[in-house]
Amino acid sequence: MINLIPLPDSIMPGKGVFTITPSTIIIIDSGINAELESGQFLASKLQDATGYPVRIRTALDEQSMQGNIVLTIRDADHILGEEGYELTAAENFVQVKAYRPAGLFWGIQTLRQLLPPAVENQVVHRARLEIPAVVIMDYPRFAWRGALLDVARHFFSVQEVKRFIDWMALYKMNRFHIHLTDDQGWRIMIHSWPNLALHGGRTQTGGGQGGYYTQAEYSEIVMYAQKRHIIVVPEIDMPGHTNAALASYAELNYNGIAPLPYTGIEVGFSTLCIEKKSTKKFIEDVIREICSLTPGQYIHIGGDEAPAADYIRFIDYVQSVVHANDKHLIGWGEAAQAHLLSSSVIQYWNDRKAFVMNTQNKKFIMSPASKVYMDMKYDSSTLLGQDWAGYIEIRDAYNWDPASEIAGTSENNILGLEAALWTETIRTMPDIEYMTFPRLPGYAEIAWTQQSKRKWDDYRIRLAQHGTRLTEMGINFYRSSQVPWK
Ligand code: TNX
């Protein structure tokens, strides 16, 4: 049974099955590091499922392919691009071939889903591990396939963040946007301004304990994602959404008085005092430290819902600081009012008006709140979440096209899509699971699969099958009545 999310570009089913046995080995063809990492990823999945170690061997020459799984980037067609792959499963061998390391890793995620759902269970069960014979050719529609986690409204541990990243990897999502600062908390240690984390990280929405990441912990997240071909995009939100910073340093405030920590859920009341020297120093220091922790090209500077009078000049200035650190800026829709460089990116969320004049020569990430805000309730009976952008059932989440959301944009100036989990009402890992699933696989499919190949009626059947896998993964998901679950 072949049941894949996101749906590959082409699937040609064959005859028979490949069976993984204790003598099956993973062969890393050219022995480069990226092949090895992908091989280790697969080996550890198989080992969890079978209870015996799966060996990895480099060099194909003497070893025959017979009975084995081969990973290779040798002689691959460049048509596969940065992220495409070709997967062949036959009765006597399996091969994943890609032109680039990321493609190989995504091919392995497909292989994972060809295996029985029980492979996702951490408990050893000695299930018969069969892969149906098939030839799959695959590559993504969009380069940007993101998910945002808000760790500011409620803090989540490194371990919890890694679990979120693991889900993204399974669905070939490749940008992890981490919303690190907001009114309710500052979640990353900045050595030149330590009170941001020490004071500003000390609480959260509802008044809980809060928390922050040391730079070493943050780097651990970045490395963990990188191993899964996911780039971390850090967001430091400004000039609004800054109460935690304002509460930590009086000199950032217009009146020079630090406000109390904020634990409510209102938005749009805080702003940095833009014209102060100390504010400029703050911005330069914070952006410098964040950039030095970020191997990716992009830094998100927020820019949403800011009451600042001198907003445009502020964003222009922040952009120059980001640029001076050799990174590109991403800002929320409002930032489109500023004088953005062609390398800067706008993340569209809610304000259609700001875009009417401004789509020309601009690059967008699509995050329309009414489609991709995973903190929106599924329907009126959902206990968690909010509803200001409407209810988002599974069909609503799936059935839309990022390229036709706003007038003046097309496939060419849309980098891709990003789903967002804001956490004002989300406190625990089961809460995260319930709001994220089963919407996340649908967003991944919108971002990966060509629009013409996606059909809701087909997707809902695949998602129903996929439910078994979610259960094996131990995910507390919403059992929508729109999906004929098994
Ligand atoms: C809007 S999206 C926000 C967030 C909130 C979210 C709640 C955006 C740029 N701003 O600050 O958490 O709505 O749904």
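Mentor: One begins with the overall division of the chain. This is a predicted model, and the protein is divided into domain 1, residues 10–138, and domain 2, residues 144–452.

Trainee: How many residues does each domain bring to the contact between them?

Mentor: A contact here requires heavy atoms within 4.5 Å. By that rule, domain 1 supplies 14 residues and domain 2 supplies 12 residues. The C-alpha centres of the two domains lie 35 Å apart.

Trainee: How much area do domain 1 and domain 2 bury between them?

Mentor: Buried area is what two parts lose on being put together, summed over both. For domain 1 and domain 2 the value is about 1,100 Å², with 59% of it on carbon and sulfur atoms. On the side of domain 1, the residues that lose the most area to domain 2 are E83, F105 and W106, which together account for 41% of what that side buries.

Trainee: Which polar features cross this interface?

Mentor: The rule for a salt bridge asks for a side-chain nitrogen of Lys or Arg within 4 Å of a carboxyl oxygen of Asp or Glu. One salt bridge is found across the interface of domain 1 and domain 2. E83 forms a salt bridge with R145, and their closest N and O atoms are 2.8 Å apart. Four residue pairs in polar contact are also found across the interface.

Trainee: Which residues are closest to the ligand?

Mentor: They are R153, Y373, D375, W388 and E424, from a total of 13 residues that surround the ligand. By class, the shell consists of six nonpolar, two polar and five charged residues.

How values were computed. Residues are numbered from 1 along each chain as its sequence is written. This is a predicted model: local features need pLDDT of at least 70, side-chain atom pairs count only at pLDDT 80 or more; totals for chains, interfaces and linings use all residues. Side-chain values use heavy atoms; hydrogens and water are left out. A residue is near a molecule or strand if one of its heavy atoms lies within 4 Å of it. Ala, Val, Leu, Ile, Met, Phe, Trp, Tyr, Cys and Pro count as nonpolar, Asp, Glu, Lys and Arg as charged, and the others, Gly among them, as polar. Domain bounds come from an automatic or database domain assignment. Buried area is the accessible area (1.4 Å probe) that two parts lose on being put together, summed over both. A polar contact is a pair of N or O atoms within 3.5 Å; within protein, one must be able to donate a hydrogen and the other to accept it, and residues adjacent in sequence count only if both atoms are side-chain atoms.
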